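Have the model open as you read.

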Amino acid sequence: MEKRPPTLGEFLIDNQNSFPYATGELSRLLNSIRLAAKMVNHEVNKAGLVDITGAVDSVNIQGEQQQKLDVYANEVFTKTLVNREIICGLASEEEDSYVTVPGFDKSHRNKYVVLIDPLDGSSNIDVNAPVGTIFSIYRRVSPVGTPVTEEDFLQPGNLQVSAGYILYGTSTIMVFTTGNGVHGFTLNPALGTYILSHPNMKIPPNGNIYSVNEGKYAHFPQGVKKYIKYCQQEEGDRPYTSRYIGALVADVHRNILKGGIFLYPQSSQAENGKLRLLYECNPMAFLIEQAGGRASDGHRRIMEIKPTELHQRVPFIAGSEEMVDKAEEFMKEA
Ligand code: AHM
Ligand code: MG
């Protein structure tokens with residue numbers, strides 16, 4: 001009989017020994033994310049059916065109107081991770097500050113902190129377009145047995161132990177890395193299990209897709225403007241195709257599979273761009289690098305930036321290695 005691909009649960013058990021530190025704690029944590037993602041997926045899928053779309057009356061720390069599903073997804077991930085006492089702290093795009101897991105004696109023995117964007121690209125919900133969840137996992141740096149501190153969250157991306165995303169698209173897929181390649185598991189909604197559908201994902205070194213919000217062109221720096229013109233020029237394998245979904249997870253997932261570049265640069269309106277270093281750029285950078293690509297702020301490797309604030313923003317240029325190299329050349333010239 002042909003061997004069937006493993007489920008995510010089976011994969012975590014089979015590969016536990018290859019995970020950093022291999023105590024089982026990280027597997028339990030990834031298992032909880034898998035479970036919470038199933039619940040969010042269920043809600044996202046029926047968003048058009050029930051009165052759950054649209055904005056609620058609250059504004060998050062970044063001054064953005066929160067969508068009902070943002071709030072729901074934040075609650076599901078927070079409750080699943082915090083109540084199960086798997087982690088010692090959590091930081092979310094939707095929370096002003098980090099959350100310390102209560103229950104000093106027991107939970108503070110846990111070693112991991114999670115940074116999460118529970119529902120990224122949420123403006124896509126009302127128009128039935130894809131959204132995602134992004135997560136990043138670190139080992140705490142403060143001593144085990146004490147409450148977490150901000151220092152535990154402000155670690156550079158190259159210290160991530162694991163990172164991943166869930167894309168709620170035409171199908172739902174969870175993609176993650178523990179530093180040993182990138183693997184994608186597609187949810188079979190009938191069985192409620194994630195099946196290994198994309199083992200060892202590799203981003204092509206070159207591609208023909210560029211992905212940027214060109215509506216902001218006039219406000220971009222010279223180097224970015226020139227690079228966009230380069231993408232559009234008729235020469236060799238150019239012009240490239242332009243694709244912009246407006247949900248980072250979906251744009252990055254497509255580029256990993258097909259090859260391409262994603263840019264969210266700084267502009268005269270937003271000096272550090274829009275995307276957040278800790279729970280959007282770093283996890284995506286870890287995944288893209290593990291898949292063989294590159295992630296940069298135009299000048300520096302994203303994962304080497306020392307964070308100074310929880311909700312810090314950085315310019316983000318990521319994707320196929322040769323394309324990011326080229327974009328950086330233009331940035332240097334400008
Ligand atoms: P969000 O966290 O408020 O949803 O914003 C992040 C999203 C990304 O998914 C996407 O790449 C980007 O914002 C799109 O922004 P813009 O509409 O400015 O192009
Ligand atoms: Mg976001």
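Cys231 counts as buried because its relative accessibility is 0%, and buried here means under 20%. Keep in mind that this is a predicted model. Cys88 is buried too, with a relative accessible area of 0%.

What about disulfides? A pair of cysteine sulfur atoms has to lie within 2.5 Å to qualify, and by that rule the count comes to 0 disulfides. Cys231 is in no disulfide, and the nearest cysteine sulfur, belonging to Cys281, sits 19 Å away.

Now for the protein as a whole. Its secondary structure comes to 9 helices and 15 strands. The radius of gyration is 19 Å, which agrees with a compact globule, because 334 residues packed that way would give a value near 20 Å.

| Share of what | Value |
|---|---|
| Buried residues among the 334 residues in the protein | 55% |
| Contacts with a separation of 6 or more that join residues 24 or more positions apart | 66% |
| Accessible surface belonging to carbon and sulfur atoms | 49% |

That accessible surface comes to about 14,200 Å² in total.

Last up, charge. How many positive and negative side chains does the protein have? There are 32 positive and 39 negative ones, and the centres of the two sets lie 4 Å apart.

Note on methods: Residues are numbered from 1 along each chain as its sequence is written. Chains are lettered from A and ligands numbered from 1 in the order in which they are written. This is a predicted model: local features need pLDDT of at least 70, side-chain atom pairs count only at pLDDT 80 or more; totals for chains, interfaces and linings use all residues. Side-chain values use heavy atoms; hydrogens and water are left out. Buried means under 20% relative accessible area, exposed over 50%, partly exposed in between (1.4 Å probe, protein chains only). Helices (H or I, at least four residues) and strands (E, at least two) are DSSP runs, numbered from the N terminus. The radius of gyration is taken over C-alpha atoms; the globule rule is 2.2 Å times the number of residues to the power 0.38. Contact means heavy atoms within 4.5 Å. Accessible areas come from the Shrake-Rupley method with a 1.4 Å probe; for residues, only the protein chains shown count as cover. Lys and Arg count as positive and Asp and Glu as negative; His and the chain ends are not counted. The place of a charge is taken as NZ of Lys, CZ of Arg, CG of Asp or CD of Glu.
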